[in-house]
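Here's a walk through one protein model, written for someone who likes to know the cut-offs behind each word. Take a look at the fold, then read on.

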Amino acid sequence: MQAIIDFANQIFQPLIDLGAAPLMAIILTAMAMLFGVKFSKALEGGLKLGIALTAIGAVIGILTGAFSEALQAFVKNTGVELSITDVGWAPLATITWGSPLTLYFLFVLVILNIVMLLLNKTNTLDVDIFNIWHLAITAIIARFLGANLIVTTIFVLIVGGLKIINSDLMKPTFNDLLGAPAENPMTSTHMNYMMNPIVMLFDKIIDKLFPWLDKYDFDAAALNDRIGFWGSKFAIGIYLGVIIGLLGGQSITEIFALSFTAAFALELFSVIGSWFIDSVEPLSQGITDFANKRFEGRTFNIGLDWPFIAGRAEMWAAANVLAPIMLLIALILPGNKVLPLGGIIAMGLTPSLLVVTRGKIMRMIVIGIFMLPVFLWAGTLIAPAVTEMAINVGAFPDGLAAGSLITHSTLEGPIEKFIAYLVGTANVQNVMSLLYLALASIAYLGLFAWYAKEMKKRNEEYEKNAEHI
């Protein structure tokens, strides 16, 4: 198997040397054409992806460069070792897609999805091709830490299979949240929903011990309207600039510069993020058309990126409330070395909170507070691997000093990152490392099995309610 990867590296090395943005533009265009998309539409998607990757890299370079001096002064003045730079999700996507292993894992996951469809183990066709990088980077981290390719591939197949199963489990809940009929094909295979089992565990604890919490629920849309500008991405950027500037002992002029830089950067993250979604639409449509022709007559769920549920106000209300809380947690959390910047809007968590609690905003906030440390610890854990990967593919952000570490504070799949660490560091010569991996795997799979059982009960309730209508 390693020979296959080495051969692929030799073939793709000239493309890789072009850089991540041109490489992904070419790959996305070629893949879309393979699935029957016309050249003009395929090229449009490829160019949009290349532009998005270039734009997000430029914004991150500006943000990290502006904050670098203040953060160094902040560490010196406070003694708080928040020395890892949070660059957000897009640079990590660039880094991941710059690795030839990502193409291999993409192939593995596509084959897995096809096999599960053929065996009727799922009704979901995963067309969210771009976001396969979330699982790919997790696997690459395991590989970086020492796991061989066979073990890493098994890890990818297990987590990838659970993601697809989860998309089927969530489908009725998505219908409920969207007010959509049963025929609605939309579901999601996104990695952020792999937080569902642990979020549901906390949700059940609230059911048993703190059911009165629901009495204090409120209208999230009304909260968003009431907060207005003060909860916007612009405003959160201003808060970050002021706080870091003051803690770093910066001048008034420097604080203004930091605040305005952070404000425009956080706003542009969302704008450019929509370009990524648009760029893969031709490929997604091509895959959908291909499946409809080959599996004529069968009804499929379509596994999409998570934003199709982004219209629910609860998700944004929770994110606005959790953003300043995450900053405070980061300052006092033992073992954390990440200052949340690029990931301060916790989209790696809030979609899962929405699905599990079905929009109970107080539960979303309370459970979110307990979940945020998991993300910060995971971000700290993977920083050395992510930084070396970035250097290897030529995607290390400009403006950061040599020797700096980078990560993403709310990167999707933090639990899987811990499992990947154990997969990578397990060694037959170290019995304890194998024992830790075995115990973690049993707990992970057992929790998912319990969660699946609970979701099936929920789905049966949906079916009964539909019969009475």
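## Ground rules

Helices (H or I, at least four residues) and strands (E, at least two) are DSSP runs, numbered from the N terminus. You're looking at a predicted model, where local features need pLDDT of at least 70 and side-chain atom pairs count only at pLDDT 80 or more, while totals for chains, interfaces and linings use all residues. Residue numbers start from 1 along each chain as its sequence is written, and side-chain values use heavy atoms, with hydrogens and water left out.

## The E5-E1-E6 sheet

Let's start with an open sheet of three strands in the order E5-E1-E6, paired in parallel. Two strands pair if DSSP finds at least two bridges between them. At the edges sit strand E5 (338-339) and strand E6 (405-407), each pairing on one side only. Strand E1 (residues 84-86) runs parallel to E5, and two bridges link them. Ile84 has Val338 in E5 as its bridge partner.

Helix H15 (residues 361-392) packs on this sheet and touches E1, E5 and E6, with its direction about 120° from that of E6. Angles like this run from 0 to 180 degrees between N-to-C directions, and axes are lines fitted to C-alpha atoms, for helices over the stretch in contact.

## H8 against H15

H15 has a helix partner too: the axes of helix H8 (residues 196-209) and H15 come within 10 Å, crossing at roughly 125°. The two helices are therefore oblique to each other (under 35 degrees is roughly parallel, over 145 roughly antiparallel, 65 to 115 roughly perpendicular, and the rest oblique).

Which residues of H8 and H15 make the contact? From H8 come Ile198, Val199, Phe202, Asp203, Ile206 and Asp207, and from H15 come Arg363, Ile367, Phe370 and Met371 (contact means heavy atoms within 4.5 Å). Sorted by class, that's seven nonpolar, no polar and three charged residues. Here Ala, Val, Leu, Ile, Met, Phe, Trp, Tyr, Cys and Pro count as nonpolar, Asp, Glu, Lys and Arg as charged, and the others, Gly among them, as polar.

## The E2-E4-E3 sheet

There's another open sheet of three strands, ordered E2-E4-E3 and parallel in its pairing. Strand E2 (124-126) and strand E3 (186-188) are at the edges with a single partner strand each, so one side of each is left without a neighbour in the sheet. From one strand to the next, the twist averages 40°. E2 and strand E4 (residues 301-304) run parallel and are joined by three bridges, and Leu125 stands opposite Ile302 in E4.

## Helices around H7

Helix H7 (residues 149-178) lies across E2, E3 and E4, at about 130° to E3. Helix H6 (residues 133-144) packs with H7 at an angle of about 155°, their axes 10 Å apart. That makes H6 roughly antiparallel to H7. On the H6 side, Leu135, Thr138, Ala139 and Arg143 meet H7 residues including Leu149, Phe155 and Lys163. This contact has six nonpolar, three polar and two charged residues.

Helix H5 (residues 100-118) also packs with H7, at about 50° and with the axes 10 Å apart. That makes H5 oblique to H7, and the crossing is right-handed. Among the H5 residues involved are Leu101, Tyr104, Phe105 and Met116, while H7 brings in Val156, Leu157 and Ile164, among others. The class count for H5 with H7 is 12 nonpolar, five polar and no charged residues.

## Buried spots

Eight of the eight residues of helix H14 (residues 350-357) are buried, so the helix is largely enclosed by the rest of the structure. Buried means under 20% relative accessible area, exposed over 50%, and partly exposed in between (1.4 Å probe, protein chains only). After H14 comes Arg358, with a positive phi near 55°.

Leaving aside neighbours within four places in sequence, its contacts are Trp306, Met347, Gly348, Pro351, Ser352 and Glu412.

Leu400 sits in the loop between H15 and E6 and is buried at 13% relative accessible area. Leu400 and Ala66 are 334 residues apart in sequence, yet 9.6 Å apart in space, C-alpha to C-alpha.

Conventions: Left-handed = near helix turned anticlockwise from the far one by under 90°.
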